[in-house]
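Colleague: Please give me a close look at one part of this model, and then show how that part sits in the rest.

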Amino acid sequence: MFEIILLLTGTIAALSTFIASNTLKLGAIKASAGLSFIVALLCLLFDDIFKEDLALQIQLVFFGASFVGMVSKEIISKHYLVGLGGLVFSAIYLNTSYFFEGFGGALGTTACISVIIVFGLRIILNKRKQKANF
């Protein structure tokens, strides 16, 4: 259940940041910071619902996955791909967070890797679609 919550958190974080940044025209930094602040406040206000470790992990995953949502819509324009990027972020975080222990910028690096994976997937799918049309 712990892992499912964090996978959903990453997906929601990336999507909500992308929507707030592009649709609501808040800009990437305000969208990421504002939404992360709200999630941190909610975790503090409802600390009796979450175990302490889960609340901390939710905040970290949300903040890191919001970096995925900061991607320019010229790079990734489809909402489902941004959501997939948040899911990829969460999966990498869950499986390699111990590897990045002590490294500065681990969340940003993981977000960058996630965006690169989704961007590469988009290119591959577009090339396959072009070949199928010929």
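Modeller: Start with one term: buried means under 20% relative accessible area, exposed means over 50%, and partly exposed is in between (1.4 Å probe, protein chains only). This is a predicted model, so local features need pLDDT of at least 70 and side-chain atom pairs count only at pLDDT 80 or more, while totals for chains, interfaces and linings use all residues. Residues are numbered from 1 along each chain as its sequence is written, and side-chain values use heavy atoms, with hydrogens and water left out.

The part I pick is helix α3. Helices (H or I, at least four residues) and strands (E, at least two) are DSSP runs, numbered from the N terminus. Helix α3 runs over residues 52-69, which is 18 residues. From first C-alpha to last, α3 reaches 26 Å, close to the 26 Å expected at 1.5 Å a residue. That expected span is 1.5 Å times one less than the number of residues.

Which residues of α3 are buried? They are Leu-54, Ala-55, Gln-57, Ile-58, Val-61, Phe-62, Gly-64, Ala-65, Ser-66, Val-68 and Gly-69. Their cover includes α1 (2-22), α2 (28-45), α4 (79-96) and α5 (106-133). Contact here means heavy atoms within 4.5 Å.

Ser-90 is found in α4. Ser-90 counts as buried because its relative accessible area is 0%. Leave out residues up to four places away in sequence, and Ser-90 touches Leu-6, Leu-7, Gly-10, Thr-11 and Val-61. Val-61 is one of the buried residues of α3. Leu-6, Gly-10 and Thr-11 are among the buried residues of α1.

The buried residues of α1 pack against α2, α3 and α4.

Leu-44 lies in α2. Leu-44 counts as exposed because its relative accessibility is 61%. Its C-alpha is 27 Å from that of Gly-85, 41 residues apart along the chain. Ile-117 has its place in α5. Ile-117 counts as partly exposed because its relative accessibility is 42%. Beyond its neighbours within four places in sequence, Ile-117 is in contact with Val-88 and Ile-92. Cys-43 is 74 residues from Ile-117 in sequence and 30 Å from it in space, C-alpha to C-alpha.

Now the whole chain. It holds 5 helices and 0 strands, in the order α-α-α-α-α. Of its 134 residues, 35% count as buried. Take the contacts with a separation of 6 or more: 73% of them join residues 24 or more positions apart. The C-alpha trace spans about 60 × 35 × 30 Å along its principal axes.

Last, the charges. The mean positions of the 10 positive and 7 negative charges are 27 Å apart. Lys and Arg count as positive and Asp and Glu as negative, with His and the chain ends not counted. Each charge is placed at NZ of Lys, CZ of Arg, CG of Asp or CD of Glu.
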